[in-house]
Structure formats: structure tokens, C-alpha cells
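Please open the model in your viewer and have the selection tool ready. Each stop below names what to select and then describes what is there.

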Amino acid sequence: LNEGIQLRREETLESMCDERARMLQDQFNVSMNHVHALAILVSTFYHGKQPPAIDQETFGEYTERTSFERPLTSGVAYALRVRHFEREKFEKEHGWTIKKMETEDQDQTLAQDCDPENLDPSPVHDEYAPVILSQDTVSHIVSIDMMSGKEDRENILRARASGKGVLTSPFKLLKSNHLGVVLTFAVYKTHLLPDTTPEQRIKATVGYLGASYDVPSLVDKLLHQLASKQTIVVNVYDTTNVSAVIRMYGPEEIDTGLLHVNSLDFGDPARKHEMHCRFKQRP
Ligand code: WA2
């Protein structure tokens, strides 16, 4: 009899965890497809028209009104590829200088409100990726060189060489107290065929469309939609580096006996994620 009860508990935990993992993965996938479509929108209407048929006002309104298509994202933005020789002309045209991203170890009191006006100009580099268009929810990153942040930079380089949507490892997003991830798609000068080489892709790159995911608040929102939140504890991990697993969501894990693990597919084969589920109480 006891064995039967134990087996049923295992099955219950498994099905609850499966359902949550599937929901999270599906919502992530839906968002990713829509962010991909936004990259094509920018390619068609910004780069494909002379003069561009999208400005900040249009991009802001369109991305806000379609935000229901991107569950789990906190905002989308577009960063333009600017080479150093074009910097002066670019800055004159936009009426602002390209800013350096402020990293965590820098003195926050110097730029208390993260107002881009208070940020330092970017030092000289071969190229930059200043944000020129943004959803209002992430307007604080406009004019910041996304190549000046370690995670954003790595994502940009990987996105443009691969032509695929790529994810950062979890890091503390600007103006957020939580860990999040950024999804990036490169935008190319022309439509490229699937067999295009990385070198050709890098050459043809004109910009980067990115979305930020504030993981704790968005996963919370998702799990609250499901009943019996009081029964199980859910954790989400980035397990890309097995010797340095990063907890992205949920409290510190306490061993309450049964554990169920689901692997999560967020669409970037270079990153591995897992969901861990436990009952809150021992039987
Ligand atoms: N978006 C929002 N908050 C952030 C952030 C980001 N990156 N990086 C740090 N905090 C425009 O990949 C190009 C978005 C980067 C895209």
C-alpha cells in the first residue's frame, strides 16, 4: 500500500513539473518567434526603405501594442551597427553621443537614476552597437553601446556569426534587481541564405534586435496562473556550465525528499536549462 502511495506521489510531481516546464518552454518559444519577426520588420522598414520608414515613435507604439505576443519579455530594442569612422556623423545625426554601459562595480551614486545623460561616452573602439529604437519599458538603454557590456557583446558576436537567435547566460539587467537573460537576433543588409558562412554574415550585419527577459518576475506571473502553487516548489537553473550552475528562479533548494527534473529547451543549443520541482512538504 505504502509503495502505491509513493508511486502516486512521484507521478503527481512528474505531471505537475512537466506541465510547468512545457508552459515555460512554449511561452519562451512563442516570444522568440515574435522577436525574430521584429528583426525582419526592422530589416524591411528601417534598412529596406530610404529614408527609413520606422522611427522611435512607430517602433515604440508597435512594440507596445504587440507585447502580448512576447510573454515573459520585459522589453525589446534595436541597436545599430556603427563603425568607428561613422561615429561622428552618426552622433551628429542623432544629437547624442554613444554611451558606455555602466557595470555593476562602478559607483552607482554617480548615475543614480541611470539616465543616459549621466553616462560616460563610449571610449574609442572599431565598432559600436548603440540602441536607437526601443519599447518604452527599456527606453533607459537608448544610446548605450551594447558591445560595452560583456554578456550583450558576446551575444551580439554569436548572433551575427550564426544567424540564429542566441541567449546570454543569466546576468543582472540594467535598472533591474533581478537576474535576466537577453535574446539577440542579428539584422543583415540583405536576405541571406541558410548556407551563408559566418564571415559573410559578419560582413553583412547592420544591427541587432534584442529582447530582455526578467526571469523571476515573469516566471512568477506564469506560475501564478496555475493552481496548487502552494504544493510544489519550482526552480529554474542555467546548467550550461555543470561546474557553475546558476539559479535563475526560485528559492534555495531544500531537500524534502522527492525531486523531479525537466530539461528546458529555450531555443539556443549553446545553453542548457533545467526545471527542478519538489513538494513543499514531506508526506
Ligand atoms: N536590454 C535590456 N536591459 C539590459 C540589456 C538589454 N540588452 N542589457 C543589460 N540590461 C538591443 O542584443 C541587442 C538588449 C540588447 C539588444
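**Before starting**

This is a predicted model, in which local features need pLDDT of at least 70 and side-chain atom pairs count only at pLDDT 80 or more, while totals for chains, interfaces and linings use all residues. Residues are numbered from 1 along each chain as its sequence is written, and side-chain values use heavy atoms, with hydrogens and water left out.

**Stop 1: helix H6**

Select residues 215–224, which form helix H6. Helices (H or I, at least four residues) and strands (E, at least two) are DSSP runs, numbered from the N terminus. Among the buried residues of H6 are Val-215, Pro-216 and Leu-218; buried means under 20% relative accessible area, exposed over 50%, and partly exposed in between (1.4 Å probe, protein chains only). The buried residues of H6 pack against helix H1 (2–47) and strands E7 (179–188), E8 (205–214), E9 (232–238) and E10 (246–249).

Next, select Leu-222, which lies in this helix, H6. Leu-222 counts as buried because its relative accessibility is 3%. Leaving aside residues up to four places away in sequence, Leu-222 touches Met-23, Leu-24, Gln-27 and Leu-72; contact means heavy atoms within 4.5 Å.

**Stop 2: the sheet**

Select strands E10, E9, E12 and E11, which form an open sheet in that order with antiparallel pairing. Two strands pair if DSSP finds at least two bridges between them. Strands of a sheet pair through backbone hydrogen bonds, either parallel or antiparallel. At the edges are E10 and E11 (260–264), each of which pairs on one side only. From one strand to the next, the twist averages 30°. Axes are lines fitted to C-alpha atoms, for helices over the stretch in contact, and angles run from 0 to 180 degrees between N-to-C directions.

Now select E11 together with E12 (residues 273–279): five bridges join them in the antiparallel sense. The bridge partner of Ser-263 is Glu-274 in E12. Helix H6 packs on the sheet and touches E9 and E10, its direction making about 50° with that of E10.

**Stop 3: the disulfide**

How many disulfides does a search of the whole structure find? It finds one, a disulfide being a pair of cysteine sulfur atoms within 2.5 Å. Select Cys-17 and Cys-277, which this link joins with an S to S distance of 2.1 Å. Cys-17 lies in helix H1 and Cys-277 in strand E12, so the pair ties together parts that are 260 residues apart in sequence. Both cysteines, Cys-17 and Cys-277, are buried.
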